[in-house]
Amino acid sequence: AEPPTWPPPGARPLDTAAFYDRLAERGYHYGPAFQGLTAAWSTDDGVHAEITLPSAAGDGRFGIHPALLDAALHTNAFAPAPPATPHLPFAWTGVTLHAGGATTLRVHLVPAGPATLALYATDTTGRPVLTVDSLTLRPVDPGALRRGIDDLVYRIGWTPVTPPEPVADPAQWTVLDLTGSPAGPGQARAVTATVLARVQDWLDEPQADAARFVVLTRGAVAVGDSAELTDPAAAAVWGLVRSAQSEEPDRIVLIDLDGEPASRAAVTAVVASGEPQAAVRGGAVTVPRLARRPAGAEIPGRPLDPAGTVLVTGGTGALGALVARHLAAEHGVRHLLLAGRRGPDADGAAELVTDLAAHGARATVVACDVADRGALEDLLARIPAEHPLTAVVHAAGVLDDGVVPALNAARLDTVFRPKADAAWHLHELTRERDLAAFVLFSSAAGTVGSPGQAGYAAANAFLDGLAHVRRAQGLPAVALAWGAWQAGGTAGMADRLGDADRERLARRGFRALSEEDGLALFDAGLRSADAVLVPMNLDRPAGEAVPPLLRALAR
């Protein structure tokens, strides 16, 4: 027999674009393995939907895969009067499984009351798979389901490994050795541009399958304490190369060495191991793994003095303004210096000043290129002695995205100036001041590698390196390597992303942070015992193709 017409005659298509983002706004957060609803239609007798088991869910031996069943219930979001607050299944009646092994369902959901429904599911041929005569839903407290802030705070840990005996031919490797002379922060842009050019040249040439481009650094990462990271320029190289690795998987290797001969002798084994990144100390190999920060890994934060001034660079941008309001409302800051490229002419600047005044804070909005050392020095000199500078939040930044072959030194300059140059000037011009906080808004792009963002990743990895340098010098600092935000202007990897970019990130498990969570994570950063935190809303990865950096989180 011919399968029944699908969708049913007269069915009206429903908008499923950004469907799971809309569910998240209503309190339902689903990871990639549970995002199975692909299309939906309404009819006079209910809602119809097509559900496909995502590859992230794996296969497994189930009568009906739990992820497929759960996604079938998502159809209820299109009911004529969906619950206004989160509801979860409570009582099932008349459940019949007619056939097992389905990976695609055609679902017909019939509302039977305010919180009751019936569900009928067939396969693509129209054969029955599942019927549910009645399912009653019950409301739940969103606060009880909300992920705790501790679940959103990550950091890089270094795991010891024993590489296997090398079997690859080093003659097929191209090695770029940057260990001889540390570039220093002032040369970060130049050395990063040099590495970019060398990577581009290598990618332009035909390479054998076993060919590898190996980058050796020294002082680029902190395996133990912050004192190990001595070269923020080398840290920037790691940011750039991490993004290159995400564009060219299994072809480029990053290795940070100390000065021990045994460490250099281990390079061949590291490359042959297949690990894309490693640090070798005294011949011992460690590899980076992203992990949740342990509970209690905080230090007492120094309160922000209401009489002092807090400088926020990028202060009239979406995140800078959000943080400024938070500092006034929650931290009692009464004097804010908001620096941006357009100053008082920035959109919303006047409204922001008014809002801050309502919280009892006096905000001064100034036009200042914080990458211009002289202009920044002049700005800091104008802070009144009766309200001295007591904290810095560096949230300035711009994007100039492009895949590695499309980048050049000028495009690197575009992102380095407001991020890296400005951060270094802030460090040098304030290190003699008694600061309670020095917060650098970095990006997870520099930590996890983000395709098409190599320049941005490099500039932000420099910020991460600077935070370690300051900690080693006994100065306050934390770099927050943000994932995506839901804020209008957004931050980190969400900067100016379109819907397609957001969907791409969502497929990789990276979800947007709410403003509420983001500000709570900002506060957690003020109390951080770590120089660098990675605040992000990350679904635990699953499946076989989990990147090495995320393997400690895999389920």
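User: What is pLDDT, and over which residues does it stay under 50?
Analyst: pLDDT is the predictor's confidence in each residue, from 0 to 100. This is a predicted model. Where pLDDT is low, the predicted coordinates should not be read in detail.

User: What pLDDT does the chain average?
Analyst: Look at the whole chain now. A score of at least 70 is reached by 91% of the residues. The chain average is a pLDDT of 90.

User: How many Å separate the centres of domain 1 and domain 2?
Analyst: The domain assignment puts domain 1 at 12-145 and domain 2 at 155-292. It also gives domain 3, at 303-553. Taken over C-alpha atoms, the centres of domain 1 and domain 2 are separated by 46 Å.

User: Is α8 roughly parallel or roughly perpendicular to α9?
Analyst: Helix α8 covers residues 318-331, and helix α9 covers residues 349-358. Angles under 35 degrees count as roughly parallel. Therefore α8 is, relative to α9, roughly parallel.

User: How many residues of the contact of α8 with α9 are charged?
Analyst: On α8, the contact is made by Ala 321, Ala 324, Arg 325 and Ala 328. On α9, it is made by Glu 351, Leu 352, Asp 355 and Leu 356. Five of these residues are nonpolar and none is polar. The charged ones number three.

User: Is α8 roughly parallel or roughly perpendicular to α15?
Analyst: Helix α15 spans residues 515-526. Its axis lies 11 Å from that of α8, at an angle of about 70 degrees. Angles of 65 to 115 degrees count as roughly perpendicular. So α8 is, relative to α15, roughly perpendicular.

User: Is the crossing of α8 with α15 left-handed or right-handed?
Analyst: The residues of α8 in this contact are Leu 322, Val 323, His 326, Leu 327 and His 331. Those of α15 are Glu 515, Leu 519, Phe 522, Asp 523 and Leu 526. They divide into six nonpolar, two polar and two charged. The crossing is right-handed.

User: Is the peptide bond from Trp 6 to Pro 7 cis or trans?
Analyst: Pro 7 sits in the segment before β1. Omega of the bond is near -5 degrees. The bond is cis.

User: Near what value is phi of Ala 18?
Analyst: Ala 18 lies in the loop between β1 and α1. Its phi is positive, in a residue other than glycine. The value is near 55 degrees.

Technical notes
Residues numbered from 1 in each chain as written. Predicted model: local features only at pLDDT ≥ 70, side-chain atom pairs only at ≥ 80, totals over all residues. Heavy atoms only, no water. Axes fitted to C-alpha atoms, helices over the stretch in contact; angles between N-to-C directions. Helix = DSSP H or I, 4+ residues; strand = E, 2+ residues; numbered from the N terminus. Parallel < 35°, antiparallel > 145°, perpendicular 65-115°, else oblique. Contact = heavy atoms within 4.5 Å. Nonpolar A, V, L, I, M, F, W, Y, C, P; charged D, E, K, R; others polar. Domains from an automatic or database assignment. Left-handed = near helix turned anticlockwise from the far one by under 90°.
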